[in-house]
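Biologist: Could you walk me through this structure step by step? I would like to begin with how one chain is divided.

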Amino acid sequence: MTKLSLTVNGRRVAADIDPRTLLVDFLRNDLRLTGTHVGCDTSQCGACTVHLDGRSVKACAVLAASCEGADVVTIEGLASGTTLHPMQEAFREHHALQCGFCTPGMIMAGVDIVNRHGASVDESTIRKELEGNICRCTGYHNIVRAIETGAATMSSAQGGTKIAAE
Amino acid sequence: MTDQGIGASVKRKEDLRFITGKGQYVDDINRHGQTYAVFARSPVAHATINNIDVSEALASPGVLGVYTGADLAADKIGGLICGWMIHSKDGSPMKAGAHPALAQGKVRYVGDHVAVVIAETLDQAKDAAALIQVDYGELPAVVDVATAQAAGKAQIHDEAPGNTVYQWHLGDKDAVDAAFSNAAHVTKLDITNNRLVPNAMEPRAAIGDYDAGQDQFTLYTTSQNPHVARLVLSAFIGIAPEHKLRVIAPDVGGGFGSKIFIYAEETVCIWAAKKIGRPVKWVAERTEAFLADAHGRDHVTTAELALDASGKILALRANTKANLGAYLSTFASSVPTYLYAPLLSGQYDIPAIYCEVDGVYTTTTPVDAYRGAGRPEATFVVERLLEVAARQTGRDPAEFRRMNFIKSFPHQTPVIMAYDAGNYGASLDKALEMADYKGLAARKAASAKAGKLRGLGFSAYIEACGIAPSRAVGSLGAGVGLWESAEIRVNPVGTIEVLTGSHSHGQGHETTFAQVIASKLGVPIDQVSIVHGDTDKVQMGMGTYGSRSGAVGASAIVKAAEKIVAKGKRVAAACMEVPEDSVDFENGEFLGRGTNKKMTFGEVALQAYVAHKFDPEVIEPGLKEGSFYDPKNFTFPSGVHIAEVEIDPDTGHTRIDRWTAVDDFGILINPMIVEGQVHGGIAQGVGQAMLEHTVYDENGQLITGSLMDYAMPRADDLPSYNVAMTTTPCPSNPLGVKGCGEAGAIAAPPAVINAITDALGHEDIAMPATPQAVWRAVQKMPRKMAAE
Amino acid sequence: MQAFDYRRPGTVNEADLALKAAPGARLLAGGQTLLPTMKLRLATPDTVIDLSAIASLKGIARKDGGLAIGAMTTHATVSEAADVKGTIPGLAALAGGIGDPQVRHRGTIGGSVANNDPAADYPAAVLALGATLNTSKRSIKADDFFQGLFATALDENEILTEIVFPIPQSFAYAKFDQPASRFAIAGVAVARTAGGVRVAVTGAGQGGVFRWTDAEKALSANFSAAALDGVKLDPSNVLSDVHASADYRAHLVGVMARRAVVS
């Protein structure tokens, strides 16, 4: 067993884990944060995307133990209380989800794309940057619209500066 | 209520839980004391099972049980069923072999379920599963549908000689033969409709739970139709009587047909829960899903179109071999027969059609419905024939289609379907304009100047959905009726629960069904809950597939709402002391005609339950009404999609430059949601046409068995879509809706292939038109047509 | 995955000791290859040594006239670093095209190079630029490092610590992806170095990354796309699979080489 201590959605968490525990399983099973989903076994689909120290990663391709001392944000940590994150609002506004299974990973990826590319990220960049997130329902059109809108509203909410997920 | 009612693009109510990570998918659910199941699957495509030794597995740490087909048989558990009887041309019933939930005697495809291990942890179950020893007597694999019936091929099921399940036909052979012999021109194509792996993003999962105190089973399952699952598990598989079996399909992450069927894994989980005495949970891994989920499509067809000298179509004939896989899945027999051939008229006035279909066993994963289910296969045949015929006779593909369109309705096709309403010319006109068809030549020239090849392809599709009138499908062999149910429970304070037999796994019913209530009863959507997916809550339903939830599911709600209004009027009349037939209902209010008396819906609801103002011998208290709605006809969405592509001849990479979709879905309940369905369908159709390739080797091993080799469309494979609607209301249901869930997947593949062949100046290219395939086609182009 | 002992050393020295103490242990870098492999039980090490806490393995610096990149530096860091963009911009672009963003935020140059996947992008850059690979024991030249599919000159107790790239006159990489895996079917790195033109090909060789000497000769004489006309890669040693047969792949190598020269 390995001792682990890290921050998840702003709260300090300490646990004793089997070292082979993937971050996604730690989140889902140990912390009961089931918003991060498992959609594949080749680390391609992106349904497990979370933020690790401010960057998007696939939680199925990270050992929880490697996150010692790290700062993890999941879909459950994006909203501030009942106030949704601008990207979450944008997904609802643009009907960027249907079955919802890829959605948490898609939203986390979207926030990360905007963090890195800024308010005026263009469609072609968004589509390329979504290479690690597969959706079977939406055909991506509305997801791209949502991320374009999320980009604009994230920036205006913070007066033009980058927002890291809280 | 116009901003919340039918026709409004209301944002979805269900989104909140999904965008905050609070959805409840089956894998998110954990039952106290649950155990974990792992299935041992056959590594070979075809073999006798000579012996299974589970002793090492049983002794493995944490293992609570290891079961095989023999254990199921000892408990008299029945096999998995196919619910649609198809008769061959000679009148004989289809020849189907048994489909046990755990293999008995033989395995018939790589992935066939042989045994199950149930242990305290998932890793322990996996470790133990690897210790199961099976002595297989290998037999030759039979992989290719085109050759599976040949003499000398291994027999997969004793019941089906020549691996032939049925030899079916539809139409008038003599009339077609006569037409062809008089034709001025015949176009002939060999067409393969490539096998697809559905890959909904949520892998299938099940939790079986048994309460010994109540002798009650509960199954959580990723199902599109929990009541059908309960019916089959109870009546045919024999798990428990229906009243002792609750099936819950909570949030489900996509289905596309693959989650309709009743599979081995959920059957074993629910049965094993009683054996083990604890809940049993199974979740598919993705590579497991590639083997274990029903696949789609897989037809090999020879098709011909006969034209007269003026270009009018005289006849169409098709001969199809349909791969059903190693066992018949729940609806498998119907997909290449009654969901396919009756669509071979397309949008065209074709006097004579004849279609023969052989349903064939192979040692591959079972094949069943997948988004479109038979209609993409038919549309591909028709739209490729039309396209090639146009080219061969020097006609513009748009005008050639237009001259053959059906122009008056209702129209009886030669293949059962009677199209009720449509305006195909309007869709074509709008699509041509949106796609800037006139500018194509200039765009082609510009692409050529940049060293690229540009092409444009049409797909004028029609499909039959809103499945289905029960007597009609019953007469065609269906074992079930295809009505839908709705129960409207009005609460005393005027809020509403709608219990629907439909199931939402992406379709947004919690919103669209509430919009129907808002329109019909005037109750705001935030006061309406849509309840679905639990057989303890909703009495009975047939589920969601076949683009039926609008046409059939919502129509049931309308009928129930009519009954609510009728009763409400009686209660209101009593309360307002006016004659019963003098009450009108408008904008959520009951009005005494000719008086200034009125009551709100909420006031009437309260009075219905308080029951102080009417005689209970005359009017029962309460305000709750249900309806089982059986559609009068299939519905017939139709439209025109236009794809424009640009090919890089150096690499064969094909970029979709623009996509135009003009669809007629009749009345739209929520245009935003309808467009989303079109987007998603197009993406799957593009996937079939360009990316998705399910390849078996000659030993029946699935080579493209993971996302590393099976190319799912990503955002950068697709463009944004230009989507518009035309409207001819559906005359056969109260809402006038046709349904929209599958249209994109039906329309898209021929549009793509027609565009690529246009770019290449070729007649044909097989699906998927991968970069390699396109590059090879480029190499065959005349030198001057290929890039400089 | 199967159970393992887990170590997370804080220094290279500790990692070295941990490696010696556990023969057959696997080093965990970014995990973007090793963890999926372990999940499928294709790799079942008894011990995993996690390098992610070793700060000295991360970072980019000018060194010995070249660019030294720590083995645990992520692809994202390389793609965004001013030092890389300012000296070998084609290398930053290559790093920015590996996998997807999530992979780039975890995957490392050391992990990629030590793994030597025949379709990985970095090996082509390392070989074309004639980099030097420094380990816990020695320095190895790129030409001596890559030894076949998933095989390198690293021995079992050796840790790759940094890669030093000489600054070239020019460097560019062009690739064509397999649509499902998004790995290269053909990736060509072209460098004009102090020692001449070097062309390294990934995704195509049956023995992994290799130098295309015919292309190097042609480009040395005349550095232009036209110089590659008539220079064809012999398909007989080229990989063939359901996505790309040998002749198509060999053709793509030529196309990508031209694109790298032109860019």
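Biologist: Which domains is chain A divided into?

Modeller: Chain A has domain 1 (2-77) and domain 2 (86-157), with bounds from an automatic or database domain assignment. This is a predicted model, in which local features need pLDDT of at least 70, side-chain atom pairs count only at pLDDT 80 or more, and totals for chains, interfaces and linings use all residues. Residues are numbered from 1 along each chain as its sequence is written, while chains are lettered from A and ligands numbered from 1 in the order in which they are written.

Biologist: How many residues of domain 1 of chain A are in contact with domain 2 of chain A?

Modeller: 16 residues of domain 1 of chain A are in contact with eleven residues of domain 2 of chain A. Two residues are in contact if their C-beta atoms, placed from the backbone, lie within 7 Å.

Biologist: Which strands supply the domain 1 side of chain A?

Modeller: Strand E3 (49-52) and strand E4 (55-58) of chain A each give at least two residues to that side. Helices (H or I, at least four residues) and strands (E, at least two) are DSSP runs, numbered from the N terminus.

Biologist: Now the other chains. How many residues of chain A are in contact with chain B?

Modeller: On chain A there are 43 residues in contact with 42 residues of chain B. Helices H2 (86-93), H3 (103-117), H4 (123-129) and H5 (141-157) of chain A each supply at least two residues of the chain A side.

Biologist: And what about chain A and chain C: how many residues does the contact take from each?

Modeller: That contact takes 23 residues from chain A and 21 residues from chain C. E4(A) provides the largest share of the chain A side, four residues.

Biologist: Switching to helices, at what angle do the axes of H14 and H15 of chain B cross?

Modeller: The axes of helix H14 (residues 509-521) and H15 of chain B cross at roughly 35° and come within 10 Å. Axes are lines fitted to C-alpha atoms, for helices over the stretch in contact, and angles run from 0 to 180 degrees between N-to-C directions.

Biologist: Which residues meet there?

Modeller: Among them, B:Phe513, B:Val516 and B:Ile517 in H14(B) meet residues of H15(B) including B:Ile557, B:Val558 and B:Ala561.

Biologist: One last item: which residues does C:Val188 touch?

Modeller: Not counting residues up to four places away in sequence, C:Val188 touches C:Ala124, C:Ala174, C:Val199, C:Val201, C:Val253, C:Met256, C:Ala257 and C:Ala260.
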